[in-house]
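Here is a short report for a first look at one structure. Keep the model in view while reading.

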Amino acid sequence: MASLIEELITTLDHECEIYKELLPMAREKTQIIVKNDLNALHAITEKEQHLADDINALEKRREEIIKNIGVVVSKDPATINIKAVIQMMDKQPAEKNKLIEIHDTLKRTVQILVEINNHNKSLIQQSLEMIEFNMNFIQSTRMSPGNHSYNRGASEVDMSGGQAGMFDAKQ
C-alpha cells in the first residue's frame, strides 16, 4: 500500500502543478477577452486544451490508483476519495500530511480557476449579447422604411431599392 500512496502523492502533485500552470493562463485569457483578440484567444485555448488533456490522463491514473487502494483495503473504490485515504493513514503521518497539503492546495487552486473561468464566461456572454444587439440593430436599420443615407453634399440618397438583408437567403 505504501507504493500506492507514493504513486497517489506523485500523481496529485503533478496534477496540482498543471492546475497552477492554468492559473496565469486563465488570468491572461481574461485580458485577451477584454481586448477582443481572437487570435490570442485561440492560441491560449489550444495551450489550455493540451494541459486539460494532461489533467485527464492524470485523473485516469489517479482513479486507477484509488481502485487499487480499494482492492488492498477491501473497500468499494467508488466510496474511496482522497479524504478517505487520508483517514486511513494514521500510521504514516508524513504521507498523511503530504496528502493533506496537496489536497488543500489542489482544492484552493481549482476553486480559483472556477472563479476566473466563471468571470471569463460572463465576459464572453456579454460580448455575444453585444454582437447580437449590433446585428439586430444593423438588420433593423436596413429593413426600416425610409432608409436614408446622405452623400458628401448632405443631400438625401435613397438606397432602399433592391438591397438584400444582412444574410442573403438566395444563393
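## Basis of the model

This is a predicted model, in which local features need pLDDT of at least 70 and side-chain atom pairs count only at pLDDT 80 or more, while totals for chains, interfaces and linings use all residues. Residues are numbered from 1 along each chain as its sequence is written, and side-chain values use heavy atoms, with hydrogens and water left out.

## Overall layout

The protein chain holds four helices and two strands. Their order from the N terminus is α-α-α-α-β-β. Helices (H or I, at least four residues) and strands (E, at least two) are DSSP runs, numbered from the N terminus.

The protein chain has 171 residues, and 26% of them count as buried. Buried means under 20% relative accessible area, exposed means over 50%, and partly exposed lies in between, with a 1.4 Å probe and protein chains only. Contact means heavy atoms within 4.5 Å. Among contacts in the protein chain with a separation of 6 or more, 63% join residues 24 or more positions apart.

The expected span of a helix is 1.5 Å times one less than its number of residues. Helix 1 has 34 residues and reaches 50 Å from its first C-alpha to its last, close to the 50 Å expected. Helix 2 has 35 residues and should span 51 Å; its end C-alpha atoms are 50 Å apart, which agrees. Helix 4 has 51 residues and reaches 74 Å, close to the 75 Å expected.

An α-helix has 3.6 residues a turn, so residues three or four places apart point the same way. Buried residues of helix 2 include Ile 44, Glu 48, Leu 51, Ile 55, Leu 58 and Arg 62. The buried residues of helix 2 pack against helix 1 and helix 3. In helix 4, the buried residues include Leu 99, Ile 102, His 103, Leu 106, Leu 113 and Ile 116. The buried residues of helix 4 also pack against helix 1 and helix 3.

## The nonpolar core

A nonpolar core is a set of buried Ala, Val, Leu, Ile, Met, Phe, Trp, Tyr and Cys residues joined through side-chain atoms within 4.5 Å. The largest one has 31 residues, and Leu 8, Val 85 and Leu 99 touch the most other members. Helix 1, helix 2, helix 3 (82–88) and helix 4 each supply at least two residues of this core. Helix 1 gives the largest share, 13 residues.

What does Leu 8 contact, leaving aside its neighbours within four places in sequence? Its partners are Arg 62, Ile 65, Ile 66, Ile 69, Ile 82, Val 85 and Leu 99.

## The largest pocket

On a 1 Å grid over the protein atoms alone, a pocket is an open set of points where a 1.4 Å probe fits, with protein on both sides within 12 Å along at least five of seven lines; lining residues have an atom within 4 Å of a point. The largest pocket holds about 180 Å³ of space. Helix 1 (2–35), helix 2 (38–72) and helix 4 (93–143) are the elements that give two or more residues to its lining. Helix 4 gives the largest share, five residues. The lining divides into six nonpolar, one polar and four charged residues.

Arg 62 lies in helix 2 and counts as buried because its relative accessibility is 18%. Leaving aside neighbours within four places in sequence, Arg 62 is in contact with Leu 8, Thr 11, Leu 12, Glu 15 and Ile 82. Arg 62 and Thr 10 are 52 residues apart in sequence and 9.7 Å apart in space, C-alpha to C-alpha.

His 103 lies in helix 4. At 18% relative accessibility, His 103 counts as buried. With neighbours within four places in sequence left aside, His 103 is in contact with Ile 82, Lys 83 and Ile 86.

Asn 36 is not a glycine, yet has a positive phi of about 60°. Its relative accessibility is 53%, so Asn 36 counts as exposed.

Ser 74 sits in the loop between helix 2 and helix 3. Its phi is near 55°, a positive value in a residue other than glycine. Ser 74 is exposed, with a relative accessible area of 67%.

Note on methods
Points joined across faces, edges and corners; volume = space filled by probe spheres on them. Nonpolar A, V, L, I, M, F, W, Y, C, P; charged D, E, K, R; others polar.
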